[in-house]
Amino acid sequence: MKTFQYVRPTRLKDAIAAVSADPDARFIAGGTNLIDLMKRGLAAPEKLVDITGLPLKKIEQKDGFIRIGALALNSEVAKHRLILEKIPLLAQALNAGASGQLRNMATVGGNLLQRTRCPYFYDPVFPCNKRQPSSGCAAREGINRTHAILGQNDANPSCLAVHPSDMCVALAALDATILVMGPTGERRIPMGDFHRLPGDRPDRDTILEHGELILAVEIPDLPFTQTVHYLKIRDRASYAFALVSVAVALEVADHRIKTARLAMGGVAHKPWRFPEAEKALENQPVSEDVFRQVAGGAMRDAKALEHNAFKLTMAPNAILQALKTAAGIL
Ligand code: SF4
């Protein structure tokens, strides 16, 4: 690993100034992804700005939303009283992610920024547009079993990788907002805009600018406190990234769906929302037939690569199962 400078400021503005002033500086908190990238030579910052001394750990109820500080640990969020009461979908998604040890180290801000687990990205022997733009994509002709089936509308997409986070799928379903601060001040980014499709910059996973620091995630008060489910399908239950995952939240009254939220992981370069399917669920009775029809329709635009055609069946089945489980249909 390349040697680097290490600083640990205790004021926000000092941390932001330290990274903004140096194009080769990076923020670090739990380090559960960045240290791996550095050990493999995929990231080589000249300076690490440790933000764990900043006051960004609080989980609190505000007027109309819950704010989760960027440095709150995944494990703390998943067992916090407010989260379990008001947004249990987020707790389920966090508990489905990573291992217990990792959840004890990983922060909410870091979870938002974790990089893809495409194996070719981590192996410098292979060309990878995300690691080195314009070098090619080894997954296109290689083993692409875990790769995307949605969001690849370009004739020749630059990257076929999927976003790895479980937490982000729940945050997408819950209309979260990301509060960030940079050298020129604060801004709020809707979760749906935070992660990018690869386009002509597959190396950029998010719209964050260099020097912008995530301060918190804000989740609006929503009626999805009970009829929710996060379903993750993976190769081994103990610890693996999703082949596909589904976040479902329903508002149900008198056996009829008032509002619905549906998002998936493991299918696209960013957490994937299904607004048409959500609309199709509204005012419908809670029934397996309705769920089956909506699940099939949701995957209308999905396209398989050579090795992941199984996802075209697995994804709608996972949506159906998640909807049934959320609604209590056995
Ligand atoms: Fe790289 Fe993306 Fe291709 Fe994987 S899918 S090899 S991350 S460009």
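## The parallel sheet

Two strands count as paired when DSSP finds at least two bridges between them. In this predicted model, β1 and strand β3 (residues 47-50) meet that cut-off, with 3 bridges in the parallel sense. Val7 sits opposite Val49 of β3.

The sheet is open and has 3 strands, ordered β1-β3-β2, with parallel pairing. β1 (5-7) and β2 (25-28) are the edge strands. Each has a single partner strand, so one side of each lacks a neighbour in the sheet. From one strand to the next, the twist averages 25°.

## A helix across the sheet

Helix α1 spans residues 12-20. Helix α1 lies across β2 and β3. Its direction makes an angle of about 145° with β2.

## The nonpolar cores

In soluble globular proteins, nonpolar side chains tend to be buried together. Here the largest nonpolar core holds 42 residues. Which members touch the most others? They are Ile68, Leu90 and Leu112. Helix α9 (residues 167-173) gives the most to this core, contributing 7 residues.

How values were computed: Residues numbered from 1 in each chain as written. Predicted model: local features only at pLDDT ≥ 70, side-chain atom pairs only at ≥ 80, totals over all residues. Heavy atoms only, no water. Core = buried A, V, L, I, M, F, W, Y, C linked by side-chain atoms within 4.5 Å. Buried < 20%, exposed > 50% of the residue type's maximum accessible area, 1.4 Å probe, protein only. Helix = DSSP H or I, 4+ residues; strand = E, 2+ residues; numbered from the N terminus. Axes fitted to C-alpha atoms, helices over the stretch in contact; angles between N-to-C directions. Contact = heavy atoms within 4.5 Å.
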